[in-house]
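Try each one yourself before reading the solution.

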Amino acid sequence: MENWYSVRGIFRWYFKENNETALFEERIILVKATNFDNALDKAELEAAEYCQEDPKANFKIESLKKFYAYEILEKEFEAGIELFSNRRKIPLDSDSYLKRFYPEALVESANKTDAPDRKNLRGSS
């Protein structure tokens, strides 16, 4: 029986002309699979398609071949279900954690109030 999995992959966008990295992207896709290995296999295939070169573009996308699968336990999809979770047990306070794993969040919120950070995680503000 197949279940739903969300799979996060990490990608590098770079310029064709000089191989200079433009940005890194974390994508989460939804796949139906029989187990974690099957979900990862499907994500790798999807990543290869995602990274297909567009001859007209001045950039390329490279998979860093790092994929993290998460089994979605809910059988019915509705607003608010958990699609991905990554828990880390490490001895850091909140500011140190953000500095280590999400440094851009600290830069962006340096001049803001206590309003929640609602950044578009596709790389644009």
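Predicted model: local features only at pLDDT ≥ 70, side-chain atom pairs only at ≥ 80, totals over all residues.

**Exercise 1.** Work out the order of helices and strands along the chain.

*Solution.* Start by counting: the protein has three helices and three strands. Then walk along the sequence, and you get the pattern β-β-α-β-α-α.

**Exercise 2.** Find the salt-bridge partner of K42 and say which parts of the chain the pair links.

*Solution.* The partner is E2, with the closest N and O atoms 3.2 Å apart. Now place the two residues: K42 sits in helix α1 (residues 36-50), while E2 is in the segment before β1 (3-15). They are 40 residues apart, so the pair links distant parts of the chain. As for cover, K42 counts as partly exposed because its relative accessibility is 29%, and a value of 36% puts E2 in that class too.

**Exercise 3.** Trace the salt-bridge network around E53.

*Solution.* First, E53 meets K16 in a salt bridge (3.0 Å, N to O). That pair spans 37 residues, from the loop between α1 and β3 to the loop between β1 and β2 (21-33). Next, K60 and E53 also form a salt bridge, at 3.6 Å, N to O.

**Exercise 4.** Is E82 buried, partly exposed or exposed?

*Solution.* Buried means under 20% relative accessible area and exposed means over 50%. E82 has 33%, so E82 is partly exposed. On the surface, E82 gathers with E74, E76 and E78 in a patch of negative charge.

Definitions and conventions. Residues numbered from 1 in each chain as written. Heavy atoms only, no water. Patch = residues over 30% accessible without salt bridge, like charges linked within 9 Å, V, L, I, M, F, W, Y side chains within 5 Å. Areas by Shrake-Rupley, 256 points an atom, 1.4 Å probe, with all protein chains shown as cover. Salt bridge = Lys/Arg side-chain N within 4 Å of Asp/Glu carboxyl O. Lys, Arg positive; Asp, Glu negative; His and termini not counted. Charge placed at Lys NZ, Arg CZ, Asp CG, Glu CD. Buried < 20%, exposed > 50% of the residue type's maximum accessible area, 1.4 Å probe, protein only. Helix = DSSP H or I, 4+ residues; strand = E, 2+ residues; numbered from the N terminus.
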